[in-house]
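Please keep the structure open beside you as you read.

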Amino acid sequence: MIFCLPSDFETKHEQKTINVDQLNDDNEKYSRASLDDFELGRLLGYGCNAAVYEARLRISTDGISRTTIPSEFIINDENSSESDTEILSRQSSNTSSIYEDVHDNLDDEEHLHELTLKEVRYRAATNMNTSSNIDSNLLPAGAFNLAIKILFNYGTQSNTEALAKAMDKELLPLRKCSYHPNIVQMYSCFVDSFPLLNEAYVHYPMAIPTNISPDGYGRNKTLFIVMRRYDLTLSEYIRLSKPTHHERLLLFAQLLEALLYLKRHSIVHRDLKSDNLLICSSTGELVLADFGCALYQPPNLKQPYTTDEICKGGNLALMAPEIVMCQPGPKSYLDYNKADLWASGTLCYEFFSLPNPFFHGSFRQEIYCDQQLPSLLPLASPLIERLVHSMLRKNPKERPSVSCISNCIQLCLWFNSTILKMNKNDFYQAYMWTALETLFNKRTLSSVELSLKKLFCQRQSSQSLYEAQSYLDQLTA
């Protein structure tokens with residue numbers, strides 16, 4: 001379900017809803033949305049900067065919802081007319097051109113591997129996308145299947161341009177990213193008058209506009225973000241569901257896939273914590289949410305740090321050591337390349353129902369030693385513990401890349417420990433067998449498993465596979 005905005009720009013501040021189409025692609029068409037189009041339900045959560053309510057579309061008297069859904073967003077579940085065998089047996093020269101060319105420095109055996117891997121990537125992109133276990137990402141009609149985030153506006157003028165500029169970080173997934181299964185789905189945004197809801201006086205009285213409450217500091221209008229609704233935070237899901245080791249790894253792998261996607265779009269989240277990891281309780285799907293502290297910093301995620309007035313990010317307790325200890329200066333910069341990776345390593349303790357040593361413990365980024373990191377045993381396997389400890393190395397140059405760690409976790413999910421000692425050819429064949437098994441038996445997989453395998457297969461090359469295998473082997477040596 002998609003909710004969109006008008007394409008014409010309205011400038012009259014007296015109108016109830018002001019269009020924010022400049023936040024979206026110029027070639028897209030939008031229909032008007034306002035707070036009146038939605039019915040708000042219970043309060044899902046609130047903080048210093050925003051409150052989130054469950055929501056659903058209001059239905060007009062003729063039974064039709066107020067906002068329209070563009071036809072290009074309607075999901076088509078029809079299977080491809082070409083069979084799995086036909087696709088996999090086609091010549092690699094017919095593979096879609098969106099994939100990279102074979103590297104010139106590969107030997108004959110690796111040339112063959114790379115050509116066949118291109119077939120797997122093509123197949124993962126085109127037909128590894130249906131499963132009998134996949135539920136619709138929308139709840140039944142009439143249910144509160146949406147969430148609306150109300151941003152608190154304390155000092156920004158009540159007009160669209162000013163609000164869009166002040167709150168642009170919140171909209172990074174909507175502006176800079178296409179759909180990814182592990183990034184919170186934002187459908188639209190709009191500017192409207194701040195609503196006086198029952199919980200406001202209790203939970204966020206300072207955000208109420210001064211013309212409504214003399215004790216409030218809020219402005220008359222603010223930005224609203226329409227999102228998909230998710231059931232639980234990570235900590236709630238872990239406590240209630242008590243997942244198995246495999247299910248915990250599935251959750252952690254999804255977080256890494258989200259971070260890898262953001263990094264490829266030159267985005268760093270900078271506020272990773274369990275409250276910002278949302279779970280669909282029926283499927284175990286995890287998404288990364290709350291981009292209020294995020295930074296879009298192309299091309300290398302390095303931000304000049306000339307003065308201490310420049311914000312380093314959100315949660316200080318889970319801020320990477322190189323960010324915490326960086327001092328401002330004319331030639332200083334904040335290097336966020338592996339900052340989110342470090343924070344996710346601390347969160348892995350919470351994935352395995354252990355106290356986060358940097359959030360709940362006595363560890364501090366400035367003084368801890370790599371050798372003193374707490375164990376994840378026995379809830380996590382020894383190999384997972386070594387991987388997490390490698391992510392938490394104090395020196396960012398000693399940490400692996402997000403891509404390498406993500407691939408390593410996926411190898412741990414789908415392969416047994418014998419892969420670490422396989423030669424290249426045997427390892428490649430084991431990978432291909434697993435990929436083929438996924439293609440032909442995808443309906444036996446959960447939606448999360450299928451999504452992870454699809455993402456994994458789509459990006460692999462011979463080098464990336466062998467790099468991950470070699471790194472795992474190195475950790476167990």
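Leu35, once its neighbours within four places in sequence are set aside, is in contact with Leu40, Phe190, Asp192, Ser193, Pro195 and Phe224, where contact means heavy atoms within 4.5 Å. Leu35 lies in the segment before β1. Leu35 and Pro195 are 160 residues apart in sequence, while their C-alpha atoms are 8.8 Å apart in space. Is Leu35 buried or exposed? With a relative accessibility of 13%, Leu35 counts as buried; the term means under 20% relative accessible area, with exposed meaning over 50% and partly exposed lying in between (1.4 Å probe, protein chains only).

A word on the ground rules before we go on. This is a predicted model, in which local features need pLDDT of at least 70 and side-chain atom pairs count only at pLDDT 80 or more, whereas totals for chains, interfaces and linings use all residues. Residues are numbered from 1 along each chain as its sequence is written, and side-chain values use heavy atoms, with hydrogens and water left out.

The bridge partner of Phe190 is Phe224 in β5. Strand β5 covers residues 221–228 and runs antiparallel to β4, with 7 bridges joining the two. Here strands are DSSP runs of E with at least two residues, and helices are runs of H or I with at least four, numbered from the N terminus; two strands pair if DSSP finds at least two bridges between them.

What is the order of the strands in this open sheet? The 5 strands follow the order β1-β2-β3-β5-β4, and the pairing is antiparallel. At the edges are β1 (38–46) and β4 (186–193), each of which pairs on one side only. From one strand to the next, the twist averages 30°.

At the β1 end, β1 pairs with strand β2 (residues 50–57) in the antiparallel sense over 6 bridges. The two strands form a hairpin, with 3 residues between them. Within this pair, Glu39 stands opposite Arg56 in β2.

Another open sheet has 3 strands, in the order β6-β8-β9, again with antiparallel pairing. Its edges are β6 (232–233) and β9 (285–288); each has a single partner strand, so one side of each is left without a neighbour in the sheet. Between β6 and strand β8 (residues 277–280) there are 2 bridges in the antiparallel sense, and Thr233 stands opposite Leu278 in β8.

Let's turn to a pair of helices. The axes of α7 (residues 245–264) and α11 (residues 402–414) come within 9 Å and cross at roughly 155°; axes are lines fitted to C-alpha atoms, for helices over the stretch in contact, and angles run from 0 to 180 degrees between N-to-C directions. The two helices are therefore roughly antiparallel to each other, a label for angles over 145 degrees. Among the residues of α7 that meet α11 are Leu249, Phe252, Leu256 and Leu260, and among those on the α11 side are Ile405, Ile409, Leu413 and Trp414.

Finally, step back to the whole protein. It has 14 helices and 12 strands. Of its 477 residues, 52% count as buried. Among contacts with a separation of 6 or more, 73% come from residues 24 or more positions apart.

Methods
Angles under 35 degrees count as roughly parallel, over 145 as roughly antiparallel, 65 to 115 as roughly perpendicular and the rest as oblique.
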